[in-house]
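Reader: I would like to go through this model and ask what stands behind each term. Please set the values against the cut-offs.

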Amino acid sequence: MSVTLDIRLKRANKVYHEGEAVAGVIVLVCKEPLQHHGISLNMEGLVNLQLSSKSVGVFEAFYNSVKPIQLISSNIEVANAGKIPGGKTEIPFEFPLLTKGNKVLYETYHGVFVNIQYSLRCDMKRSLLAKDLTRNCEFIVHCQPLKAKTAPNPVNFTITPDTLDNIRERSSLPKFLIRGHLDATNCVISQPLTGEVVVENSDVPIKSIELQLVRVETCGCAEGYARDATEIQNIQIAEGDVCHGLSIPIYMVFPRLFTSPTLETTNFKVEFEVNVVIVLHDEHLITENFPLKLCRV
């Protein structure tokens with residue numbers, strides 16, 4: 001007998017804050033009356049930490065602290081064993097989004113080595129011959145906005161062969177002068193990163209100018225920390241040999257779920273950086289790095 005199980009939240013955007021109620025309905029659709037052995041609903045918030053392949057084996061003690069960190073967990077019995085009538089049945093539910101003890105609800109974040117996820121799981125137990133039904137539904141938690149205003153902390157930059165690090169032969173580099181500014185390095189996550197870049201002069205034609213957003217995830221314990229930087233997104237802001245002295249706008253929207261407010265805890269850290277990357281026609285790659293602090297206001 002076919003039966004479908006679904007979880008529908010009242011909020012279309014599925015975004016909640018600490019202290020609010022996560023409310024919705026469990027929807028059951030079946031053609032004929034259905035016997036079951038109980039329906040339960042579980043809410044869970046977990047931080048999953050993972051070591052990158054280059055760090056595996058380096059920190060033996062880390063495997064003890066790598067267990068998922070439980071932020072929130074609660075379970076309710078939605079319906080006792082019995083029968084569900086044929087057709088569509090909706091069972092309402094409501095969970096308060098509150099932590100136990102001194103735990104903090106971190107914002108939802110989907111990273112590579114750090115994952116913060118909140119989900120609802122509905123289980124419907126059935127007889128031995130019929131398979132139990134399970135349905136998962138992720139919801140998003142946003143941390144409480146900061147009351148105080150943050151200083152944007154703008155930054156001006158000048159890139160020349162003399163300002164670059166990690167160079168083997170400085171004399172072999174072509175001459176160039178690139179100026180620019182970022183309007184803020186303390187960024188509000190719901191607003192775009194803006195600024196401008198100006199190529200004053202360059203001996204070698206420019207091939208491309210790109211803006212690269214990077215996540216820096218640190219996992220660790222007392223024995224040491226594994227720090228990994230991975231790209232979130234790369235936006236090309238100019239292609240070809242741009243006019244010298246022309247102001248090129250910088251505009252980048254922070255992607256939802258893949259970014260979160262900058263986070264620092266005892267077991268892990270989530271930080272963000274942006275790279276302004278200039279590719280020259282002779283395949284030289286010039287990169288200027290700026291750490292960012294993201295917050296929600």
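Reader: What makes E12 and strand E13 paired strands, and in which sense do they run?

Author: Two strands pair if DSSP finds at least two bridges between them. Five bridges join E12 to E13 (residues 176-182), and the two run antiparallel, so they count as a pair by that rule. Thr158 stands opposite Arg179 in E13, and Asn156 stands opposite His181 in E13. The strands themselves are DSSP runs of E with at least two residues, while helices are runs of H or I with at least four, and both are numbered from the N terminus.

Reader: What kind of model is this, and which residues does each kind of value use?

Author: The model is predicted: local features need pLDDT of at least 70 and side-chain atom pairs count only at pLDDT 80 or more, whereas totals for chains, interfaces and linings use all residues. Residues are numbered from 1 along each chain as its sequence is written, and side-chain values use heavy atoms, with hydrogens and water left out.

Reader: Which strand does E13 pair with through seven bridges?

Author: That partner is strand E15 (residues 193-202), and the two run antiparallel. In E15, the bridge partner of Arg179 is Val198.

Reader: Which strands of the open sheet of four stand at the edges, and why?

Author: The order is E12-E13-E15-E18, with antiparallel pairing. Strand E12 (155-159) and strand E18 (247-252) are at the edges because each has a single partner strand, which leaves one side of each without a neighbour in the sheet. Neighbouring strands here are turned by 20° against each other on average, direction ignored. The axes behind that angle are lines fitted to C-alpha atoms, for helices over the stretch in contact, and angles run from 0 to 180 degrees between N-to-C directions.

Reader: Why is E13 called largely enclosed?

Author: Five of its seven residues are buried, so E13 is largely enclosed by the rest of the structure. Buried means under 20% relative accessible area, exposed over 50%, and partly exposed in between, with a 1.4 Å probe and protein chains only.

Reader: What makes Val270 buried, and what does Val270 touch?

Author: Val270 lies in strand E20 (residues 268-280). Its relative accessibility is 0%, so it counts as buried. Not counting residues up to four places away in sequence, Val270 touches Tyr109, Val114, Val216, Ser260, Thr262 and Leu263. A contact means heavy atoms within 4.5 Å.

Reader: Which strands make up the open sheet of three?

Author: The order is E1-E3-E8, and the pairing is antiparallel. E1 and strand E8 (87-96) stand at the edges, each with a single partner strand, so one side of each has no neighbour in the sheet. E1 and strand E3 (residues 21-30) pair over seven bridges in the antiparallel sense. Thr4 stands opposite Val29 in E3, and the bridge partner of Asp6 in E3 is Val27.

Reader: Which residues of strand E1 are on the covered face, and which on the uncovered one?

Author: In E1 (residues 3-9), Val3, Leu5, Ile7 and Leu9 form the covered face, and Thr4, Asp6 and Arg8 the uncovered one. In a regular strand the side chains alternate between the two faces of the sheet.

Reader: How many disulfides does a search of the whole structure find?

Author: The search finds zero. Cys122 is in no disulfide, as the nearest cysteine sulfur, that of Cys137, is 11 Å away. Cys295 is in none either, with the nearest cysteine sulfur, that of Cys187, 8.0 Å away. A disulfide is a pair of cysteine sulfur atoms within 2.5 Å. Cys122 is buried at a relative accessible area of 0%, and Cys295 is buried at 9%.

Reader: Why is the protein said to be more spread out than a compact globule?

Author: The protein has one helix and 21 strands. Its radius of gyration is 25 Å, well over the 19 Å that the globule rule gives for 297 residues, so it is more spread out than a compact globule. The radius is taken over C-alpha atoms, and the rule is 2.2 Å times the number of residues to the power 0.38. The C-alpha atoms fill a box of roughly 80 × 45 × 40 Å, taken along the principal axes. Of the 297 residues, 46% count as buried.
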